[in-house]
Structure formats: structure tokens, C-alpha cells
Amino acid sequence: MNKLRACLLFLILGVALVLQATVFDFVSILGVKPDLVLLVVIFYGFIHGQREGAYLGFLGGLMTDFLTGHYIGLNALSKMAAGYLAGMGQTKLYKENIFIATIVSLAGTVVGQTIYYLLLLVTGIKVSLYNGFFHVILPVALYNGLLTPLLYGRFYRSSTRGLLKMPEV
């Protein structure tokens, strides 16, 4: 990964994290705000593949964990899994289609958030999967899905023709 692209990805994750922690607190819908870091990870994994999605997911999750200070590693593992799974569609799905990207974002968010809740349970933290699914996971997935048509096109263009483009091998 070239240094400019790595710095740009780190910057994008940082901006997404800051927006998620500040601005979207005021733009929450029924108390739910999007997971912008997860959305960036899903987009990147979907466009660049499993390995790249997993790497960025781990980095974005660690950044989220360090900012929140809760249960270091849980976001890293859940976002890494979501990035890896989104990357599985890289060669099988039509990446240029906004509708398909929206479905991948919805599914990736549900998977990432569900893994996070399961990791909470494994660590002994009492959470209700039923309430978590209907009051957190599904609403966050819908919010991310609504943001996908607004954000994915720019991210896709940058990843295929702009600064985020992978160097030719």
C-alpha cells in the first residue's frame, strides 16, 4: 500500500470517527446514529477485496475502540469481519451498482453489529440480542443503507480512478 493512500485512508477513518462521535449525535434519528467507520470499511472491502477490507476494518475498529475506551478489540474484530465479508463480493457482484452497494452495506452492517453483540456476550457482558437487534442493529443498518446512495459513488470513483486506487500489479 503506498504511503499517500494509507495516509488518506487513515484520514478518512479519522474524519468518519469524529463525525460519528460529534455531528451525528445531533442528527440521530430516534436515538440511532450511523456507524460511519463501518460504512467506510464495508465500501473499501467491497471494492478492494477481503484482505484490504479486513485490514481497514481492524484499523478502523481499533481507532473506534481507543476513542471510546470501551472493551478494546471488540470493534476491531467485528469491523475486521465485516470488511472481510464485504470483500467476498468483490469479484462476484457488480460494484458499480448503487443498489447492490446498498444491499452489501445493509448486510455488512448487520453482520458487523451482530458480531459485536456476540463478542459482548462472550466477554460476559449481559446484552439482549433480541432488543439489540431491533433497537440497535437493524436501525443502524437502515441508517447506513440510507447513507450509501449519498456516499458510495464518490468513494467508488476515488477507489477506481482517484487517490484511493490500488496500484497496478
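This is a dialogue on reading features of a predicted model.

Colleague: What should I know before I start?

Modeller: The model is predicted, so local features need pLDDT of at least 70 and side-chain atom pairs count only at pLDDT 80 or more, while totals for chains, interfaces and linings use all residues. Residues are numbered from 1 along each chain as its sequence is written, and side-chain values use heavy atoms, with hydrogens and water left out.

Colleague: Which residues touch the most other members in the largest nonpolar core?

Modeller: In soluble globular proteins, nonpolar side chains tend to be buried together. A nonpolar core is a set of buried Ala, Val, Leu, Ile, Met, Phe, Trp, Tyr and Cys residues joined through side-chain atoms within 4.5 Å. Buried means under 20% relative accessible area, exposed means over 50%, and partly exposed lies in between (1.4 Å probe, protein chains only). Here the largest core has 31 residues, and Leu13, Val40, Leu56, Tyr152 and Phe155 touch the most other members. At least two residues each come from α1, α3, α4 (50–68), α5 (74–87), α6 (98–122) and α7. Helix α3 supplies the largest share, 11 residues. Helices are DSSP runs (H or I, at least four residues), numbered from the N terminus, and strands are E runs of at least two.

Colleague: How many salt bridges does a search of the whole structure find?

Modeller: A salt bridge is a side-chain nitrogen of Lys or Arg within 4 Å of a carboxyl oxygen of Asp or Glu. The search finds three. In one, the closest N and O atoms of Lys79 and Asp35 are 3.0 Å apart. This pair links distant parts of the chain, 44 residues apart: Lys79 is in helix α5 and Asp35 in the loop between α2 and α3. Both Lys79 and Asp35 are buried. Lys33 and Asp25 also meet in a salt bridge, at 2.8 Å from N to O. Arg51 pairs with Glu52, with 3.6 Å between the closest N and O atoms. Arg51 counts as exposed because its relative accessibility is 55%, whereas Glu52 is buried at 7%.

Colleague: What does helix α7 span between its end C-alpha atoms?

Modeller: The expected span of a helix is 1.5 Å times one less than its number of residues. For α7 (residues 129–161), a straight helix of 33 residues would span 48 Å, but α7 spans only 41 Å.

Colleague: Where does the kink in α7 lie?

Modeller: The bend at a residue is the angle between axes fitted to the seven residues ending there and the seven starting there. In α7 a kink of about 50 degrees lies at Thr148, shortly before the proline Pro149.
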